[in-house]
Amino acid sequence: MAELMDIIASFLASSLRQAAPLSLAALGVAYAEKAGILNIGEEGIMLSGAFFGFIAAYFSGSLFVGIISGALGGILISMIHAFMCIKVKANQTIVGLALNFFTLGLTSFLFLLVFGQNTKLPSVASLNPITLPVLSKIPVLGPVFFSQNILIYILYLAIIVFFVVFYKTEWGVRLTAVGENPRAADSAGLGVNATRYVSCIINGVFGGLGGAYITLAQLGYFQEDIVSGKGYIALVVVILGRHNPVFILLSAMLIGFAESLQFSLQTMGIPLPSQAFSMLPYLIAVIVLLLSAGKSSSPAFLGIPYERDKR
Amino acid sequence: MKKALVLLLVLVTTFAFAFAGGSTDGGSDSIDSMALILSGPANDQGWNAVAVAGLEATAEKFGLSTTIMENVSIADSEAAYRQLAAEGYDIIIGHGYQYGEPAAAVSHEFPNKYFIATESNSYSENAASYVMACEQGAYVMGLMAAGMSESGIVGVIGGFEQPSITKEIEAFKIAAKSINPDIQVLSIYINSFTDTNLGYEAAMTMINHGADVVYQVANQAGNGALIACAERGVYCMGNSYDQNSIAPEYVLTSTIYNMDQVMITAVSSILDGTFTGGVYNLGMDKKVVEIAPYHALEDVIPAQLKEKISDTIEDIIDGSLVVPVISSPTK
């Protein structure tokens, strides 16, 4: 029995660890999407957050400075995206993809510029876990969920705040209006573009924190393309979680769980090619999408720039 | 106005490409340039960084000009060889198993150029594969892992399930079993060379299953495994170069690949005219594969185990021990 509890706890811990960067980024994406901004550039935002978070922590010696810089790094990329999509009214998918490539090049170049080409990995000490009194005493769940680093607590807090904002405040109603019908929102006197700019800043902050989680909380170092596709998975998590902050965390944990399950299965020596196991997380994502098929949770005007003088 | 501007831009770009293409002449007989194709970033502090260092050393020795093409996927590899050959590079090296077939395929189109792939098995008239006997290093790592393990469970993490990786994992298993026949070797292929997070989680899974020594054969992604081991206080072993600096208290040793020796061997055979297509194996006897020093962990490793390891290395060098090359995974 105790052994079973240990196994459950280690799976939960692994799921949460992998879900944290995905959920942080996905919360930002969900917010921007509610306002009608489609951000394929999430990968770039996370990479920028991972890089600037690391570099600031490395040179300042302070992880707090690193976290703030990670958020700012995310904002930097998301603001370029916002300008291109809201002001220039460019195709949001193309801009997002272009930004992903741009950020990959930019961070790799700057990393090379600062540290040069060598085999010594520059690193910082990663974030320490903070054990919360009382809550961490809950059997099984306590040590997993309440003995974590500061970014995970920021994630919990953000989930609660986003949930309240989305479903319990007038602010959330306005956000939904801007995404579902920007013309009506404009007629009602809501600032469509202002709302969208703010949503992009929030997207940048959380995408940047998601990236910084990888370099500051998990690995303590930066390498080229360190995010390696998690920005795209975050977009999937938003759809799986149907833009609901709580479901977003659960979806991200499901993907994390599938990943650690496939590793566990591989260690058992089952005679199947390893590629079959590596497919598992994506297979589960597709199955969940199929099961939850129905009305899309995406707003009607997702990805469409608002042009006041046209109809 | 806008249209005219776009048209102008298109024209300028076209001319730029046309002239850039025309400036190279591929007709000369002398060998004066070499190019390197990499599967990931050149600055990955691992597999590719080692190749870049080798390229630079070789170029300096023979006075060649060089270029590097990074992040070339399997799908783009033929095009990469073709482009570099057309640009006039005389020797083109693809660093990794996956570049073997494309090298042989493209080699027929450019009979005056030399095509080389590392870790592969394809060849033609003017294409050769240079295989580093990585399994020799992995065999020694297997001895180390089994010798240091107290739980009787050790782990080995591979990148992709491909012959160049599998041969290391299988050699590791054989060696571990030679020290302790009852040992349990956990193996995971993460199917990535770049996703550090997967390396980290794979190591965590192994440690949760009781592994207390972990070896990684997953390039950049494997660095995550070393971080996970350091976090959980478990010994581990690095790959490609001396990775002790990543976690000095936990990285026991590393398998080192001296790519410069491979490239120097290849280029000097081309320059003195003895080059023929084929598959060449280079191992510990040529100092292509080496084992990194133990650094601060010198005293942690039992003297008996260190002796066993140095004896084994001697046996491999003088040929009395041949590490088998097994290129399909056993479960």
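The expected span of a helix is taken here as 1.5 Å times one less than its number of residues, with helices (H or I, at least four residues) and strands (E, at least two) read as DSSP runs numbered from the N terminus. This is a predicted model, so to speak: local features need pLDDT of at least 70, side-chain atom pairs count only at pLDDT 80 or more, and totals for chains, interfaces and linings use all residues. Residues are numbered from 1 along each chain as its sequence is written, while chains are lettered from A and ligands numbered from 1 in the order in which they are written.

On to helix α6 of chain B. Its 17 residues (163-179) should span 24 Å, and the end C-alpha atoms sit 25 Å apart, which agrees. Of those 17 residues, 12 are buried, leaving α6(B) mostly covered (buried: 20 or more other C-beta atoms within 10 Å of the residue's own, with C-beta atoms placed from the backbone). Among them are I165(B), I169(B) and F172(B), along with K167(B) and E168(B). The buried part packs against α5 (134-148), β6 (153-158), β7 (184-189) and β8 (213-217) of chain B, a contact being two C-beta atoms, placed from the backbone, within 7 Å.

Chain B splits into domain 1 (30-132 + 259-286) and domain 2 (134-256 + 301-318), bounds that come from an automatic or database domain assignment. Their centres, over C-alpha atoms, are 28 Å apart. Across the boundary, 12 residues of domain 1 of chain B touch 15 of domain 2 of chain B.

As for chain A, there are 13 helices and 2 strands, and 50% of its 311 residues are buried.
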